[in-house]
Amino acid sequence: MNNENMKFWNQVCETDPAITKHISIRGGFTSIDAQSQIKLATEQWGMYGSTWGLKDFNFEVIRDGENKPVCLALDATFWYPGGSFPISVDMAWETKDLRKKLVTDATTKSLSKLGFNSDVFEGRFDDNQYVEEQNKKFGHNPPVNANNIAGMGQNNTPNAGQGVTTKIAIPGLNKG
């Protein structure tokens, strides 16, 4: 293996646990904040749209046997300073903000092919010890992980023993 080939990958492969969250569908997985990925790509290459991004968008409605739409597919080209490649994604027709989500999905999938946040895609965030090491590396005290962001557990419910208090000021009611 040529280490020069892995140089860029190794610069972008590790993920700050603070930009992840646990998703409890399809067996559960760790999700990465898309805007954080875009920010990291911007740090590497410059502004989205001027030096990297998606182009040549082709949206296609996929229909069932009764000619009813079931999903929307997006074929596009991801380009960046080192080259370009095709990317395809699709999503269920009923999804809200479908085109926007497809563009975001295509962008993050493209970035993952170049090594961005590969530790998540490699399953390393399933290892609590690895997440703990990442928390130390990124300076989180107390540590955060995909299941415990700011004292919240799965489905954004408070973890045991960690209540969440919200103070609301209501004019004329909170006198004192």
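This is a predicted model: local features need pLDDT of at least 70, side-chain atom pairs count only at pLDDT 80 or more; totals for chains, interfaces and linings use all residues.
Phe-85 counts as buried, because its relative accessibility is 16% and the cut-off for buried is under 20%.

By the ring-centre rule, the count comes to 13 aromatic pairs. One of them is formed by Trp-45 and Tyr-80 and is tilted. That pair links distant parts of the chain: Trp-45 sits in helix α2 (residues 34–45), Tyr-80 in strand β4 (residues 69–80), and 35 residues separate them. Tyr-80 also pairs with Phe-85, this time edge-to-face. A pair of aromatic rings is described by the distance of the centres and the angle of the planes, and here are both values for these two pairs.

| Pair | Centre to centre | Angle between planes | Type |
|---|---|---|---|
| Trp-45 and Tyr-80 | 5.4 Å | 35 degrees | tilted |
| Tyr-80 and Phe-85 | 6.3 Å | 65 degrees | edge-to-face |

Is Trp-45 buried or exposed? Its relative accessibility is 14%, so Trp-45 counts as buried. Trp-45, Tyr-80 and Phe-85 belong to one aromatic cluster, whose other members are Phe-8, Tyr-48, Trp-52, Phe-78 and Phe-116.

Together with Phe-57 and Phe-59, Tyr-48 makes a nonpolar surface patch of about 260 Å². Phe-59 lies in strand β3, which covers residues 53–63. With a relative accessible area of 32%, Phe-59 is partly exposed.

Leu-74 is buried, with a relative accessible area of 0%. Leu-74 and Leu-102 are 28 residues apart in sequence, yet their C-alpha atoms are 6.7 Å apart in space.

Leu-102 brings us to helix α3, where the buried residues include Leu-98, Leu-102, Asp-105, Ala-106 and Leu-111. Which elements do the buried residues of α3 pack against? They pack against α1 (7–12), α2, β3, β4, β5 (83–92) and α4 (118–121).

Helix α3 has 16 residues (98–113), so at 1.5 Å a residue it should span 22 Å, and its end C-alpha atoms are 23 Å apart, which agrees. After α3 comes Gly-115, with a positive phi near 110 degrees.

Terms used
Residues are numbered from 1 along each chain as its sequence is written. Side-chain values use heavy atoms; hydrogens and water are left out. Patches are made of residues with over 30% relative accessible area and no salt bridge: like charges are joined within 9 Å, nonpolar side chains (Val, Leu, Ile, Met, Phe, Trp, Tyr) within 5 Å. Accessible areas come from the Shrake-Rupley method with a 1.4 Å probe; for residues, only the protein chains shown count as cover. A salt bridge is a side-chain nitrogen of Lys or Arg within 4 Å of a carboxyl oxygen of Asp or Glu. Helices (H or I, at least four residues) and strands (E, at least two) are DSSP runs, numbered from the N terminus. Buried means under 20% relative accessible area, exposed over 50%, partly exposed in between (1.4 Å probe, protein chains only). Rings of Phe, Tyr and Trp (its six-membered ring) pair if their centres lie within 6.5 Å; planes under 30 degrees apart count as stacked, over 60 as edge-to-face and the rest as tilted. The expected span of a helix is 1.5 Å times one less than its number of residues. Contact means heavy atoms within 4.5 Å.
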